[in-house]
There are 4 protein chains.
Amino acid sequence: MEVTRPTRKLTAMAAHEAVRAAVSRAEELGVAVNVSIVDAGGREIAFLRGDGAFLPSGQIARDKAYTAVGFGMPTGDFYRALSGKPDVLSGITGQPHVAAFPGGLPIRSDGELIGGIGVSGASAEQDDICAKAGLAAIGLVTGPEQEQG
Amino acid sequence: MEVTRPTRKLTAMAAHEAVRAAVSRAEELGVAVNVSIVDAGGREIAFLRGDGAFLPSGQIARDKAYTAVGFGMPTGDFYRALSGKPDVLSGITGQPHVAAFPGGLPIRSDGELIGGIGVSGASAEQDDICAKAGLAAIGLVTGPEQEQG
Amino acid sequence: MEVTRPTRKLTAMAAHEAVRAAVSRAEELGVAVNVSIVDAGGREIAFLRGDGAFLPSGQIARDKAYTAVGFGMPTGDFYRALSGKPDVLSGITGQPHVAAFPGGLPIRSDGELIGGIGVSGASAEQDDICAKAGLAAIGLVTGPEQEQG
Amino acid sequence: MEVTRPTRKLTAMAAHEAVRAAVSRAEELGVAVNVSIVDAGGREIAFLRGDGAFLPSGQIARDKAYTAVGFGMPTGDFYRALSGKPDVLSGITGQPHVAAFPGGLPIRSDGELIGGIGVSGASAEQDDICAKAGLAAIGLVTGPEQEQG
């Protein structure tokens with residue numbers, strides 16, 4: 001019987017760098033965002049609210065990060081993945097802290113799901129761009145495999 | 001690195017005068033409202049429930065004030081701003097204390113977002129009129145720039 | 001069978017004036033306070049946070065107002081009234097929103113209990129002085145009868 | 001009537017640098033901490049959980065930051081300030097998110113209270129050292145005036 005399995009976990013300083021990169025990317029786009037990074041357990045490691053970012057969007061950023069790691073897929077894929085299944089979609093999005101709209105990405109390393117990043121405060125497209133910039137800054141990209149969950 | 005930035009904050013007595021003016025405007029219209037004013041952090045500075053105003057609308061007034069400062073736009077603009085994006089709209093309005101219907105206005109001074117006013121208890125149009133009357137009484141008007149969020 | 005009984009209720013504008021008077025009294029004392037006035041049902045009519053007043057004390061002011069009208073006695077009388085009865089004291093103060101320390105006063109008119117005022121942010125003595133100033137400004141004093149609950 | 005007053009606010013990047021410095025100071029001490037920085041309204045700007053830091057201490061760090069800005073004094077000063085007043089102390093510490101033990105410091109700039117930093121995860125003394133290191137990294141020190149609340 002296998003008692004433990006090896007995995008990896010995201011470091012605090014990598015999460016710290018990623019939230020900064022996402023906030024800075026938003027500034028380049030002329031917007032302001034909140035960014036949250038959670039670990040594999042959905043617990044927050046780092047958070048940053050950019051200057052002037054919407055206050056209630058802080059929780060939305062956290063919800064996106066939680067949802068992305070929770071289901072192992074970009075939060076923007078929910079509607080697509082569950083299109084035609086309104087009962088399932090509403091059942092899932094009715095859960096506390098589940099955010100089914102763009103801006104959240106799972107974080108993987110060597111195939112292991114190690115966390116999630118959530119961005120909120122700008123348009124869906126801009127939030128997504130900032131989330132990707134956050135991961136790119138620490139060398140973790142969201143590729144095709146992740147897109148499919 | 002810039003450590004602090006100058007800004008302004010609303011005084012207690014200005015907030016006190018604004019809630020009175022909003023309640024008085026409602027009386028002129030023959031209705032009764034609750035009025036809340038919050039600071040830039042969404043924390044209440046002043047509250048007033050007019051004689052005969054709906055009891056549960058007190059919390060709604062607070063939510064509108066929080067939402068208006070939180071997103072820096074009139075609460076009535078949410079549906080318009082997010083029309084055609086049902087996933088985003090429901091994700092945002094599902095957050096606690098986010099009120100996406102008329103009666104909440106951001107408060108700005110010299111371009112700085114310094115608070116929000118929320119009115120609830122009458123029709124959407126009347127709530128909005130009272131919120132504007134509250135701000136007008138202290139010389140802070142919601143102009144075109146604010147209307148657009 | 002008596003179906004209804006006459007009573008009186010505090011007006012919004014009287015509550016509005018009382019919170020202002022309490023905040024102004026604090027300024028004269030060189031301190032800053034939060035003030036809440038609730039009706040006979042313990043529901044808030046008016047609230048005002050003075051410039052620079054402690055943020056968490058807003059809820060404490062509300063709790064004192066609720067407790068004062070709820071038990072019909074000054075909140076500072078709890079320890080005295082229940083001294084020697086630690087079980088009762090802890091049972092009561094363990095209830096949500098019960099504040100058993102000075103700064104809350106019941107509001108009476110013609111013998112009717114019509115509300116409560118709560119002040120928080122300065123010393124117990126100063127909070128009490130401000131609460132009394134709030135009531136005095138609208139001609140409602142807390143006399144010996146009230147002191148005894 | 002004065003409608004607004006000038007003040008200052010802490011920037012996102014300064015808060016981001018301060019949480020990093022506090023976590024790094026803990027590592028030098030051989031411990032691990034959570035660090036939260038909130039604005040003048042008690043709303044979080046930045047958060048960082050150091051590698052291996054206690055999970056529930058994340059909320060404690062937030063509560064300390066909120067308490068420090070909420071009462072404008074180091075959280076470790078509560079017991080001292082309220083010694084001999086058990087009713088008041090218990091009334092205040094019973095409030096949600098009020099943390100009355102060391103590790104939280106108010107943040108001031110030019111005499112303005114602009115935020116709070118809270119650290120949790122190590123001993124009370126170590127938490128305090130890390131909070132100070134966080135502020136020192138951005139040139140904001142907690143001097144004698146702040147020590148006295």
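Which residues does L10(A) touch, not counting residues up to four places away in sequence?

**View 1. L10(A) and its contacts in the predicted model.** L10(A) touches A15(A), I37(A), I45(A), I107(A), I114(A), I138(A), L140(A) and, from chain D, D51(D), leaving aside residues up to four places away in sequence; contact means heavy atoms within 4.5 Å. In the largest nonpolar core, which has 51 residues, L10(A) and L10(D) touch the most other members. Such a core is a set of buried Ala, Val, Leu, Ile, Met, Phe, Trp, Tyr and Cys residues joined through side-chain atoms within 4.5 Å, where buried means under 20% relative accessible area (1.4 Å probe, protein chains only). A second, separate core of 50 residues includes V33(B), I107(B), A18(C) and V119(C).

View 2. D63(C) touches H97(C), A99(C) and Q95(D), not counting residues up to four places away in sequence.

**View 3. Pairs of chains.** Five pairs of chains touch, and the most contacts are between chains B and D. Chains A and C do not touch; their nearest C-alpha atoms are 18 Å apart.

**Notes.** Residues are numbered from 1 along each chain as its sequence is written, and chains are lettered from A in the order in which they are written. In this predicted model, local features need pLDDT of at least 70, side-chain atom pairs count only at pLDDT 80 or more, and totals for chains, interfaces and linings use all residues; side-chain values use heavy atoms, without hydrogens and water.
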